[in-house]
Amino acid sequence: MRKFKLQVQTTVDGYMAGPNGEMDWLTFPWTDDINAYIDALTEPVDCMVLGRKLAEGFIPAWAAGPEGEDQASIDKMNNTPKVVISNTLTESPWENAVVAGGDLAETVNELKAQPGGDMITYGGGTLVSSLIAEGLLDELHLFVNPIAIGAGMPVFANTGAYQQLHLVTARPFNCGITALHFEPKRS
């Protein structure tokens with residue numbers, strides 16, 4: 001069975017975006033140590049799972065080749081097949097992406113049962129909350145930025161129950177971000 005990972009930037013107070021989706025709190029520039037860590041995290045990934053709202057910005061941004069990104073990272077992001085979770089889209093307007101709707105757990109479990117490498121999601125907020133609430137993630141990689149914003153879109157919104165996690169590793173980076181790698185405790 002494939003491993004399904006979450007990689008998300010967060011504030012120390014647990015938000016992945018500001019109240020209006022702001023991302024102006026993100027720590028940049030990144031340092032070589034965090035870039036190497038993320039490269040190792042994403043190396044075995046051969047499928048990205050994205051929410052529709054995130055996909056609408058994420059896929060075109062990477063297709064345009066974001067400034068400051070090396071060509072290998074741009075190629076990895078563009079060439080990795082994507083599954084966009086949506087109950088409003090019927091077909092993908094993007095290259096190298098398919099749309100999947102319906103029951104989230106059924107869709108994710110079908111993807112996990114397929115042969116291949118790891119799967120990763122970067123969000124958005126509704127998808128992340130649903131994946132956490134339904135216990136569909138195998139690893140949570142929270143990249144904690146050294147800032148508190150007081151309000152916004154929480155990583156652990158409306159999960160409906162306590163989320164018991166096991167800390168696998170905590171790794172600080174020279175740019176000030178700390179990566180927290182958790183795995184859900186399964187009963």
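# Exercises on strands, helices and rings

Opposite Phe-4 stands Met-119 of strand β6. The model is a predicted one, in which local features need pLDDT of at least 70 and side-chain atom pairs count only at pLDDT 80 or more, while totals for chains, interfaces and linings use all residues. Residues are numbered from 1 along each chain as its sequence is written, and side-chain values use heavy atoms, with hydrogens and water left out.

## Exercise 1

**Solution.** 

Step 1. Strands (E, at least two residues) and helices (H or I, at least four) are DSSP runs, numbered from the N terminus. Two strands pair if DSSP finds at least two bridges between them.

Step 2. Buried means under 20% relative accessible area, exposed over 50%, and partly exposed in between (1.4 Å probe, protein chains only).

## Exercise 2

Identify the residues that touch the most other members of the largest nonpolar core, and the elements that give two or more residues to this core.

**Solution.** 

Step 1. A nonpolar core is a set of buried Ala, Val, Leu, Ile, Met, Phe, Trp, Tyr and Cys residues joined through side-chain atoms within 4.5 Å.

Step 2. The largest nonpolar core has 25 residues, and those touching the most other members are Leu-6, Val-49 and Leu-131. Two or more residues come from each of β1 (4-11), β3 (45-51), β4 (82-85), α4 (104-113), α5 (125-133) and β7 (139-145).

Step 3. Apart from this core lies another, of 14 residues, including Leu-50, Ala-55, Ile-59 and Tyr-122.

Step 4. Contact means heavy atoms within 4.5 Å. Beyond its neighbours within four places in sequence, Val-49 has contacts that include Phe-4, Val-83, Leu-111, Met-119 and Leu-127.

## Exercise 3

Locate the buried and the exposed residues of helix α1.

**Solution.** 

Step 1. The buried residues of α1 (residues 32-42) are Asp-33, Ile-34, Tyr-37, Ile-38, Leu-41 and Thr-42.

Step 2. These residues cover an arc of only 160° around the axis, which puts them on the same side of α1. The arc is that of the directions from the helix axis to the C-beta atoms.

Step 3. Exposed Asp-32 and Ala-40 are carried on the face of α1 turned away from its buried side.

## Exercise 4

Classify the ring pairs Tyr-37 with Phe-173 and Phe-58 with Trp-62.

**Solution.** 

Step 1. Rings of Phe, Tyr and Trp (its six-membered ring) pair if their centres lie within 6.5 Å; planes under 30 degrees apart count as stacked, over 60 as edge-to-face and the rest as tilted. By this rule there are five aromatic pairs.

Step 2. The ring centres of Tyr-37 and Phe-173 are 5.2 Å apart and the planes stand at 65°, so the pair is edge-to-face. The pair links distant parts of the chain, 136 residues apart: Tyr-37 lies in α1, and Phe-173 in the loop between β9 (165-172) and β10 (178-184).

Step 3. For Phe-58 and Trp-62, the centres are 6.4 Å apart and the planes at 55°, so this pair is tilted. Both residues belong to helix α2 (residues 52-63), four residues apart, about one turn of the helix, and both are buried.

Step 4. Tyr-37, Phe-143 and Phe-173 are linked into a cluster by ring pairs.
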